[in-house]
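Hi everyone, thanks for coming. I'd like to walk you through a structure today, so please have a look at it with me.

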Amino acid sequence: MSTVTEPIVLPDAAVEPAPPSRPRARGARVALWLGLPLLLAGAAAAVASTQLIAPGVTVAGADIGWMTVDAAADAIRDRVSGAEVHVAGAALTSAGLGVSVDAEALAARALGAHPLWNVTAWDPGPLPTGLALDAATAAATLRQHLPDLFADPVDARVVFDEEAGRFAADPARPGRGVDLAALETDLRDALTAGGALAAEPRPTEQEPAIETGAAEELASRLNGQADEAGFHLDGAGSLPIGLATVASWIDIAPDPAAGGFTIWADVPAIGEVVAGLPQKLNRAPADSLVVTDSAGRHLRAIQAGQDGYGLASTAGLAEKVAASVEKGDLTFELQGRAIPHGAQTLLRTIEVDKSGGRTHLYENGALVASYPVAIGTGGVRDGVQTETQTGRFTVTSQLAGQHMGSCDARGNHIPGGRFAYCQPNVPWVSYFNGDQGFHGTYWHGNFGAGARMSHGCVNMTVAAAEHVYRFAQIGTEVWVHE
C-alpha cells in the first residue's frame, strides 16, 4: 500500500519576503559612480584617436602631429603663404610666384593615412606635398626680378624692300625663358622636404608664334604676281600696278593665332586709283567720216567707224579690289561695255578766186585752208586755150604725179610734139575741168593776185597741192569765178 504525500501550501499572508540587504545596494552604487568617468574617458580617447593626426607627421615643413584636420590645414597654409622662396639668388615670396596648396586636402589625406589611433603610422616623416604654380604670376615676377633670364621671341614679318622692289621675309628669332614646369617640380620637392624653398631656374627656348617659312611663303606669293598685277579690262587692255603701289595699299599684320598673316587693304587709297581708271582704260569711239557733195551723195568714206569700250561701272570697285588684295590676289579682272560710234558727213568744196589769186578749201561751210595760186595766162599757146575757165565743176581724176606737155615715158621732151615744152614729174594733180586742174609747181614761185603763169591749170606750191589732193575726192565740187 502506497502512501501519497501532499504538498504543504502556506497561505499568502504567512509568506513574507526577505527585506533587501542595505550593504549590498550601497556597494553597487559606488561601483557605478567610479566606472562612469572611466567609461567616458575611454570613449573620448577613442574619438580623439580618430580625429587627431599621428605624431611625427610633417607636411610642407609644418609639424601637424596631434592636430585636427582644421588645425593642420591652418598650419600648412601659414607655412606656405609666408614662405620665402630663393630663385637664382633672388629672394621672392610664395605669393609673388603664385604658389598655392590645397591645405584642407593635404591635412585630410594626412589624417586618413596617419590617424593617431594607428600606432604603426606614427613618425612617417615628411609627406608628399602637392603644389601648384600660377604660370602667369610666376613669369611676371621672374621677369621683374630676373630680367636677364628672359628674351621675347620675335615673329617673322613680311616687309617691302624699296630698293629691290619686292616683298621680303624678315626672319623669326627664338626667345628664351624659364621652364616653369621644372620650377614647379623643384619647389614641390623642396616644400615636401621641409627645408628652405629654393630652386635654380632651367632655361627654355621660346618658339616664335610665326615662323620664317610662313613669311617667305607669303612674300613669294605676292612677288610671283609682279608681271600680272593690275587692272585688266576684257577687250580693252590693262593698267599694270607695280608692287610698290600695292605695298602702299596694304598692311601685312601678324596673326599669331593662325601662325601666319592677315592683309588689311586701304580702301580710300585704292579708290584714288580706281577713280582714274576710266580715263586710262576707256577707249573712245571713233566716228566714221564720209565725204559728201552738196546733194548728200557719199563720195568716199575716209575713216571707218569704231566702237569704243570702257568700264561698265566703278561703283563698289575699290571695295572689291580691297577684298581681292586681302586674299593675296593682285590681278583684278574688270567688266566692260561697248560704246557705239557715230557717223560724221563732210561736205567739202573748193573755191578758186581768180581775181584774188587764191584757192579756198571749205568743210561743212567752214574755211579750213587758203592758198595763193597762179592761173592761166589767157589767150592761146601751143594751140591751146590757156584761160582758166570759170564755172562750177567737179574733180574728175587725181594723180600723185605725172609728166605734162610733150614728154616721153622718162620725162624727156619729144621734139615736134604738140607742145613746145615738157614738164616732167608734176606732183599732186587733181583735174576738175578737162585737162585743167590743181597741181604742185616746182619751176616757179609766182603765186597770188595777178599771177598768170599756166596753160589754164591752177598752179600751187607743192605742199598746197598735196593738201588739195588729199582734201578732194572724185566728185568734189569746184567753183571757179572771177
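Predicted model: local features only at pLDDT ≥ 70, side-chain atom pairs only at ≥ 80, totals over all residues.

**A short tour of the model**

Let's begin with Ala 132, which sits in strand S7, residues 132-133. Ala 132 is partly exposed, at 34% relative accessibility.

The side chains of Glu 104 and Arg 77 meet at 2.1 Å, N to O. Glu 104 belongs to helix H3 and Arg 77 to helix H2, so this pair ties together parts that are 27 residues apart in sequence. Both partners are partly exposed: Glu 104 has a relative accessible area of 42%, and Arg 77 has 32%.

Trp 66 is exposed, at 51% relative accessible area. Together with Val 119 and Trp 122, Trp 66 makes a nonpolar surface patch of about 330 Å².

Back to charges. How many salt bridges does the structure hold? There are 12. Another of them joins the side chains of Lys 354 and Glu 387, at 2.8 Å, N to O. Lys 354 is in the loop between S22 and S23, and Glu 387 in the loop between strands S27 and S28, so the pair ties together parts 33 residues apart in sequence. Here Lys 354 is buried, with a relative accessible area of 5%, whereas Glu 387 is partly exposed at 22%. Through shared partners, salt bridges join Lys 354, Glu 387, Arg 452 and Glu 482 into one network.

Finally, a sheet. It is open, has 4 strands in the order S29-S30-S31-S33, and its pairing is mixed. S29 and S33 are the edge strands, each pairing on one side only. Neighbouring strands are turned by 35 degrees against each other on average, direction ignored. Within this sheet, S30 and S31 run antiparallel and are joined by 3 bridges. Tyr 431 stands opposite Gly 437 in S31.

Notes. Residues numbered from 1 in each chain as written. Heavy atoms only, no water. Patch = residues over 30% accessible without salt bridge, like charges linked within 9 Å, V, L, I, M, F, W, Y side chains within 5 Å. Areas by Shrake-Rupley, 256 points an atom, 1.4 Å probe, with all protein chains shown as cover. Salt bridge = Lys/Arg side-chain N within 4 Å of Asp/Glu carboxyl O. Buried < 20%, exposed > 50% of the residue type's maximum accessible area, 1.4 Å probe, protein only. Pairing = 2+ DSSP bridges. Helix = DSSP H or I, 4+ residues; strand = E, 2+ residues; numbered from the N terminus. Axes fitted to C-alpha atoms, helices over the stretch in contact; angles between N-to-C directions.
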